[in-house]
Amino acid sequence: MTDTTKTAAPGLQQRTELRIARDALRGLRDDLLTDAFRFRPLPPLPEDHPRLARLPEAVRGPLRWLPHAVLVGLTLLLMSVEVSTIRYDGGSVLVRALFLGLPLVMALFRPIGAFWMSIAGFLLSAVFVDFSWNPWPWTPASFVAHIVLMLVVAARTRPWTAARMWLVTAVAGIGVTLLNPSGGGPNAFVMAVISGAALAVLLCVRGWRETRRQVVEQVAVVEEERSRRTLLEERTTIARELHDVVAHHMSVVAIQAEAAPYRVEDPPEELVAALATIRENAVTALTELRRVLGVVRADLPGDLDDWGPEAPQPTLADLDDLLANVRRAGLEVESVTTGSVRPLPQGVELSAYRIVQEALSNALRYAPGASARVELGHVPVGLGLRIVNGPPKGPVKAGQGAGHGVLGMRERAAMLGGELTAEETGEGGFVVEAFLPVEPVARDAAQDAP
């Protein structure tokens, strides 16, 4: 048993090492050899780039190609440096300049192929050109050019591709140094260290930016989900309140239809049957309404548990009590009513009350020590609301509330076909303006209501 284990272990280790080497070669082939010269142009800067958004529109378009222009300008500079160096030592000016410049320009269109062209130019120059100066085999210009090239390619490919480019560069430099030990001061090791450090910094910055982008996207998703959830909660509250309103009126209809035959002596059978049908339909509608919205009433938020199942919904008649409570909480508020005051549909009065309540709650929360003013304007076609508060006079605590109360107010106004705006004033305060329309039929019904 022991001998079998000792015999199998070397074979297993060998297979593992061969698998690692095979996987490494396969990765090198996939990243640097497969479709190496495929056309992959470097795109211009996006139009919404933060640094371009501040510039005039006339220069914003040309500046989108700034990275391309910088790379081409750097290429020309390095080529001129290389030409002057080779000319001083009697080398081939044109060939060496092309070996250095073409890969950098080619990196704009075929990045992986440009890397291989740079390696090929380095090998040809180091082997066939007499570089007897110090340092060797990388000249100063080629040293900088190849690092810039690897950074450009690494910025557009996977991290493993950058690691394999660094490995190929290090092996090529050390191999040339070993083949020609008589050259000047070898800098292949320096190239390996500096290029590795530059690629590591680039990958760290790239990973940080990618993580930051993902965090920003996640925050946006969370904020959108929170807004959607707040909107659904507000719709749930509105549905519950409408359930109370409609259920009350349907119950009144059913009770009056049932009691009507007893108020008339010897009522006709047709009238009794019609009233019975009305009562039956009212009861059926009320049952369906409670079946659909019953779950909403059974799921009250924690701060509404004291309402009770049959709590009456507030109207504009209860606005004075609301203002009194707000004044006791420390907010100076005045109320002004204009126009001909008349009864409004219960849904309109309920929504108006809730809008005033939310606006004053926001004033208490975000403008401590300020004063507020509530204006109600009764017009023939609806009800106008304006709630304005001054700037805060005391410190405002950060992180109070969910920050989505305006969504609920807009939802209430939109439910009735109205409009609502909420914005800051020029003096540092906040104003909420809304208009809730009332249809003629609804106005007549509200005025005829007992």
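Residues are numbered from 1 along each chain as its sequence is written, and side-chain values rest on heavy atoms, with hydrogens and water left out. Because the model is predicted, local features need pLDDT of at least 70 and side-chain atom pairs count only at pLDDT 80 or more, while totals for chains, interfaces and linings use all residues.

The protein chain contains 14 helices and five strands. Helices (H or I, at least four residues) and strands (E, at least two) are DSSP runs, numbered from the N terminus. The chain has 450 residues, of which 33% count as buried. Buried means under 20% relative accessible area, exposed means over 50%, and partly exposed lies in between (1.4 Å probe, protein chains only). Accessible areas come from the Shrake-Rupley method with a 1.4 Å probe; for residues, only the protein chains shown count as cover. Contacts (heavy atoms within 4.5 Å) were also examined by sequence separation. Among those between residues at least 6 apart in sequence, 73% join residues at least 24 apart.

A nonpolar patch lies on the surface. Its members are Phe37, Leu94, Leu98, Leu102 and Met117, with about 470 Å² of accessible area together. Patches are made of residues with over 30% relative accessible area and no salt bridge; like charges are joined within 9 Å, and nonpolar side chains (Val, Leu, Ile, Met, Phe, Trp, Tyr) within 5 Å. Helix H5 (residues 93-106) gives the most to the patch, with three residues. Phe37 sits in the loop between helix H1 (2-33) and helix H2 (50-53). Phe37 counts as partly exposed because its relative accessibility is 46%.

Another loop residue is Thr315, between helix H10 (269-297) and helix H11 (319-328). Thr315 has 18% relative accessibility, so it counts as buried. Leaving aside residues up to four places away in sequence, Thr315 touches Glu349 and Tyr353.

Pockets and cavities were searched on a 1 Å grid over the protein atoms alone. A cavity is a set of points where a 1.4 Å probe fits but cannot get out; a pocket is an open set with protein on both sides within 12 Å along at least five of seven lines. Lining residues have an atom within 4 Å of a point. Grid points are joined across faces, edges and corners, and a volume is the space filled by probe spheres set on the points.

The largest pocket has a volume of about 1,400 Å³. It is lined by 31 residues, and the closest to its centre are Leu45, His49, Pro67, Ala155 and Arg209. H2, helix H4 (66-89), helix H7 (140-154) and helix H9 (188-259) each supply at least two lining residues. H9 gives the largest share, nine residues.

The whole structure holds four cavities of 30 Å³ or more. The largest cavity has a volume of about 100 Å³. Of its 13 lining residues, Arg96, Phe99, Leu100, Ser118 and Ser142 lie nearest the centre. H5, helix H6 (111-128) and H7 each give two or more residues to this lining. The largest share, five residues, comes from H5.

Side chains of opposite charge can pair when their charged atoms come close. A salt bridge is a side-chain nitrogen of Lys or Arg within 4 Å of a carboxyl oxygen of Asp or Glu. The structure holds seven salt bridges. One of them joins the side chains of Glu223 and Arg226 (3.9 Å, N to O). Both residues lie in helix H9, three residues apart, about one turn of the helix. Glu223 is partly exposed at 36% relative accessible area, and Arg226 is partly exposed at 43%.

Glu334, Arg373, Glu375, Arg386 and Glu433 are linked in a network of salt bridges. Within it, the side chains of Glu375 and Arg373 meet at 2.6 Å, N to O. Glu375 is partly exposed at 24%, as is Arg373 at 27%. Arg386 pairs with Glu433, and their closest N and O atoms are 3.0 Å apart. Arg386 lies in strand S3 (residues 382-389) and Glu433 in strand S5 (residues 430-437), so the pair ties together parts that are 47 residues apart in sequence. Arg386 is partly exposed, with a relative accessible area of 29%. Glu433 is also partly exposed, at 34%.
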